[in-house]
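The sequence and the structure come first, then a short tour.

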Amino acid sequence: MLKTNTMEPVERVHPTFPIDENIELHEKAWVIQRVGWAVLGVFVIMACLGLFGTGWLSHARLEEQGNVVQYERFGRLSTPFSMTLYAPADDEGIIRIRIPQDYFSRYELQTIVPKPSEQTVENGAYYFRYDHIDQANINAIRLYLLPKRMGSISQTIAVNDTPFTLTQFVYP
Amino acid sequence: MMNPVIRGASIYVFLLIIFRLMGKRTLSEITTFDFVLLLVIGEVTQQALLGNDFSITGSFILITTLIVVDLLFSMIKERFHLMARITEGMPLIIVEYGKPLVKRMNKCKIDEQDVMEAARINLGLERMDQIKYAILEKSGSISIIPYEAAKKM
């Protein structure tokens with residue numbers, strides 16, 4: 001097949017029969033089609049990079065005073081994702097986690113591993129407490145979450161009283 | 001969970017745009033792999049449409065939504081001819097007086113072999129110079145007007 005310049009106008013014809021061929025509209029459609037292909041390519045690249053969750057752009061890590069929160073910036077509605085907390089136990093072997101109730105109005109907590117020793121609700125927040133922690137046995141606490149509503153959310157959770165503000169966006 | 005009507009309508013519009021961008025030739029000449037790809041697309045679409053809603057009411061809502069959106073589009077296309085041209089495309093002459101219109105063919109990703117195949121299958125023609133006009137139709141098929149037929153008109 002001979003290659004031609006994509007911007008070059010195509011051949012004009014003068015058919016001897018009636019035909020609904022609007023070549024100007026065809027040319028516009030071809031330009032839009034090429035732009036559309038480029039958009040689709042960018043969409044796939046951005047999806048690979050994690051703009052729609054699970055990838056380099058989505059993966060976030062916050063660290064303060066030895067406490068670490070790893071979470072996804074971008075999620076998709078009804079598609080589960082995990083959040084991992086790394087927290088050193090205090091002198092009494094206790095780890096405390098505080099998550100606002102508002103956060104769970106947006107995300108359904110499917111499970112938390114390992115199970116906390118105590119779970120309470122106070123002042124509009126859930127408190128998860130791990131007692132008698134042997135740091136050698138527990139190095140990470142994982143929350144498996146299911147986004148229930150789309151849109152952006154910014155909430156502050158606390159790990160061992162260290163606040164972390166999580167900003168997330170859930171796609172439809 | 002998103003409202004099923006919004007879900008159904010947005011998937012309809014997305015599929016309309018994506019298949020229009022793919023071009024009419026892409027799916028008109030279906031190979032075995034294209035067929036498998038279509039099945040996979042159908043499966044992914046089904047999951048996106050239904051989500052976790054397997055109720056009869058949910059399926060009634062979705063089927064009705066898809067039909068209503070399709071009806072709306074057909075009414076709009078009937079009323080506004082330009083809309084029909086945009087969503088369905090238009091026929092395009094690709095051979096004139098036995099001469100392949102290479103620039104037009106390149107734009108549509110078809111070659112002379114495709115034209116000759118259509119000429120052989122439909123009319124038993126052997127050479128390009130027996131074709132007066134070849135037209136890439138809206139459906140993606142190639143119709144051939146041979147010189148003899150043109151003379152009869």
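## Where the chains meet

Across the interface, 31 residues of chain B are in contact with 37 residues of chain A, contact meaning heavy atoms within 4.5 Å. This is a predicted model, where local features need pLDDT of at least 70, side-chain atom pairs count only at pLDDT 80 or more, and totals for chains, interfaces and linings use all residues. Residues are numbered from 1 along each chain as its sequence is written, chains are lettered from A and ligands numbered from 1 in the order written, and side-chain values use heavy atoms, leaving out hydrogens and water.

The two chains bury about 3,000 Å² between them, with 62% of that from carbon and sulfur atoms; buried area is the accessible area (1.4 Å probe) lost when two parts are put together, summed over both. On the chain B side, B:Leu21, B:Lys103 and B:Lys107 lose the most area to chain A, together 25% of what that side buries.

What about salt bridges (a side-chain nitrogen of Lys or Arg within 4 Å of a carboxyl oxygen of Asp or Glu)? The rule finds 2 across this interface. A:Glu21 and B:Arg104 meet in a salt bridge through their side chains, at 2.6 Å from N to O.

| Class | Residues |
|---|---|
| Nonpolar | 18 residues |
| Polar | 3 residues |

Notes. Nonpolar A, V, L, I, M, F, W, Y, C, P; charged D, E, K, R; others polar.
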